Amino acid sequence: MELSVLLFVAVLTGFILLLVKGRPKARGHLPPGPHPLPFLGNILQMDRRGLLRSFLKLREKYGDVFTVYLGRRPAVMLCGIEAIKEALVDQAEDFSGRGKVAMVEPVFQQYGVIFSNGNRWKTLRRFSLATMRDFGMGKRSVEERIQEEAQCLVEELRKSKGALLDPTFLLQCITANIICSIVFGKRFHYQDEEFLKLLDLFYQSFALVSSLSGQLFELFSDFLKFFPGTHRQVCKNLREISAFIARSVEEHRETLDPSAPRDLIDAYLLRMEKEKSNPHSEFSENNLIFNTLSLFFAGTETTSTTLRYGFLLMLKHPHVTERVHREIEQVVGAHRPPALDDRVKMPYTDAVIHEIQRFADLIPLGLPHIVTKDTHFRGYIIPKDTEVFPILNSALRDPRYFETPEAFNPDHFLDANGALKKNEAFIPFSLGKRICLGEGIARNELFLFFTTILQNFSLASPVAPEDMDLTPQESGLGKVAPTYQIRFLPR
Ligand code: HEM
C-alpha cells in the first residue's frame, strides 16, 4: 500500500477513535447537558431549524440552566427570567463579560463598547453614555430630533400618494439618522446614495449573521473561517462601513473647535488629545472607529426592524390599530406632533408597543456574555471566560408570565382598568451591567415614530390580514422581519 494511503487510513482511524472515545475536557463543574463529541460538540443535538429551537428542546430535558458545546467551546444557557436575573442582576459583575460573535470578531477584534471587556469596556461604556446624554440633551433634545425626523418621514411618505411601498429602507433611514445626528453631528437625506449604501450593508450583515449559515459559523468558526462563506461577506461589509467612519473622523479632525464639540466624535477626539501622554489610555484610534461602528450598527437595525414588525402587526390586527388611532386622536389630536409626555396618557398605545417588542423578540438568544472569574452559580462552578447566553426568548415567550405567549396580544400589558401593566419577564433590552446602552433612545424612538406615523396615515395592504405570514425571514442571533408592501394613506 502506498505511504500516502497508509497515512490517510491512520489519520482517519485516529479521528474516528477520538470521536468515539474522547470528549472535550471541561474545567470547573458545569451545569448538565448532552454529551459532546470532540471538535463537533453537540452538533448531533442541534435542530435543523436553528440554534433557538435546539436550545429550547434541550431545556425540556436539562432544565433552565444547562451546558451546550458549540463546537469545542462550552456555553452555559440561561432560560427563564429567574435564572437570567439571578445571573445578570444578582451576580452582575461576574456575568458582565462579553463573549465573541464569531462572524464579526475579525472586524471588531474586541474594540468598541459592544465587544470589549475589562477596563476598556468600562471606559467606553461610561464615555458613550455620558456623551450620548450630552449630545442628545444639549441645545436640542433627543425628543426634538426624533420629532423632526418623524416629520421628514411623514413628508416622504406623503409623496408616495398611497402607492404600495416597502418601508424597510425608510425605517432604517430614520433610526440611523438619530444615531448619526448624535455621533456624526448630521442627518442624511433619504436619497443620499452613500447613506443608502451603508444602510444596505448593515441590513445585509444583520441578515447574514442571523441566517442558518451564520449560526453554523458560530458553531464551527475555528474550522470554517479558513473557507469562503458568508462570514467573509459580513466582514467585507463592516470594513466598508468602518472606512466611511474613518473618513468622517478625518473631516472632524480638520474642523474641530476645542471650545465647541459638536458631536460624539468631536468629544472623543478632544479626550484623545487630553490623554495623549497616557500610554494606557483607551482613547485610541481603533476604539474610536469601532465604538462608532458599534453604536451605528446596534442603534440602526434593531429599532428599525422593531418598527417594521410593528406596522406589519398593525396590518394583521386592524382592531388593535383602530384603538391606537382613537387614542392618538383623543390625546394628541391632529394639529401637533406627539410628544414623550403623551406616553403616560396613552396606556393602550404603550401596551401595544411593549407587545410589539415582546412579539418581535429581536435578539432571541441575547448577546453572548462570559463570566469574568470562576463563578459559583446554582451549585455549579462556571470557569472564568466561559460563554453564557441569556436566552431572552425564554423570558419573552414564557407562558407563566404571558397568557398567550405565541400570539400578539396587547392585553399582556394592560390591567383590568386599562392601565399599563409592567411585567418582569419583559426584557427585550436584557438586564444587568451589559443592558442595552441605547434603551432610552430606542424606547423614545419607538413611541414617537410609531405614533407620528399612525397620527398621519392609515395602513393598507393588498394581502388580507389572515393571509399575512409574520414568520421572520431569518432567526438566529437576530430576527429579520418579513417584508410586505404597505400603502400609507393620509388620514
Ligand atoms: C428596539 C431596539 C433595541 C433592542 C431590542 C436592543 C437590544 C439589545 C440587547 C438585547 C443587547 C445585549 C445586552 C446584553 O449583552 O445582555 C444590546 C446591547 C447594546 N445595545 Fe441595544 N437594542 C436596541 C436599540 C439600541 C440603540 C438605539 C442603541 C444605540 C444608541 C443600542 C446600543 C447598544 C449597545 C452599545 C449595546 C452593547 C452594550 C454593552 O455591551 O455594554 N441599542 N441591545
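**Talking through the structure**

Student: Where does G162 lie?
Tutor: G162 sits in the loop between α6 and β4 (164–165). Those names come from DSSP runs, numbered from the N terminus: helices are H or I with at least four residues, and strands are E with at least two.

Student: What kind of model is this, and how are residues numbered?
Tutor: It's a predicted model, where local features need pLDDT of at least 70, side-chain atom pairs count only at pLDDT 80 or more, and totals for chains, interfaces and linings use all residues. Residues are numbered from 1 along each chain as its sequence is written, and side-chain values use heavy atoms, with hydrogens and water left out.

Student: Back to G162: buried or exposed?
Tutor: G162 has 10% relative accessibility, so it counts as buried. Buried means under 20% relative accessible area, exposed means over 50%, and partly exposed is in between (1.4 Å probe, protein chains only).

Student: Which residues does G162 contact, leaving aside its neighbours within four places in sequence?
Tutor: R487, F488 and L489. Contact here means heavy atoms within 4.5 Å. Also, the C-alpha atoms of G162 and L459 are separated by 9.2 Å, though these two residues are 297 residues apart along the chain.

Student: Let's do helices. How do α6 and α7 pack?
Tutor: α6 (residues 142–159) and α7 (residues 168–183) pack at an angle of about 150°, and their axes are 10 Å apart. The axes are lines fitted to C-alpha atoms, for helices over the stretch in contact, and angles run from 0 to 180 degrees between N-to-C directions.

Student: What do you call that arrangement of α6 and α7?
Tutor: α6 and α7 are therefore roughly antiparallel. The cut-offs are under 35 degrees for roughly parallel, over 145 for roughly antiparallel, 65 to 115 for roughly perpendicular, and oblique for the rest.

Student: And which residues of α6 and α7 meet?
Tutor: V142, R145, I146, E149, L153, E156 and L157 in α6 meet L170, L171, I174, N177, I178, S181 and I182 in α7. By class, this contact of α6 with α7 has nine nonpolar, two polar and three charged residues. Nonpolar covers Ala, Val, Leu, Ile, Met, Phe, Trp, Tyr, Cys and Pro; charged covers Asp, Glu, Lys and Arg; the others, Gly among them, are polar.

Student: New topic: how many residues has α10, and how far does α10 reach?
Tutor: α10 has 26 residues and reaches 38 Å from its first C-alpha to its last, close to the 38 Å expected at 1.5 Å a residue. The expected span is 1.5 Å times one less than the number of residues in the helix.

Student: Which residues in α10 are buried?
Tutor: Among them are H231, V234, C235, L238 and I241. The cover over the buried residues of α10 includes α4 (105–108), α7, α8 (193–210), α9 (212–224), α11 and α12 (285–316).

Student: How do the axes of α10 and α11 cross?
Tutor: The axes of α10 (residues 230–255) and α11 (residues 264–274) come within 10 Å and cross at roughly 70°. That makes α10 roughly perpendicular to α11. S248, V249, H252 and R253 of α10 make the contact with I265, D266, L269 and M272 of α11. Its classes are four nonpolar, two polar and two charged.

Student: What about α16: how enclosed is it?
Tutor: 15 of the 18 residues of α16 are buried, so α16 is largely enclosed by the rest of the structure. α16 covers residues 439–456 and reaches 26 Å from its first C-alpha to its last.

Student: At what angle do α14 and α16 pack?
Tutor: About 115°, with the axes of α14 (residues 347–360) and α16 11 Å apart. T349, V352, I353, H354, I356 and Q357 of α14 contact R443, L446, F447, F450 and T451 of α16. That contact of α14 with α16 divides into six nonpolar, four polar and one charged.

Student: Last one: what is the phi of F39?
Tutor: F39 has a positive phi of about 65°, although it is not a glycine. F39 is in the loop between α1 (3–21) and α2 (51–62), and at 37% relative accessibility it counts as partly exposed.
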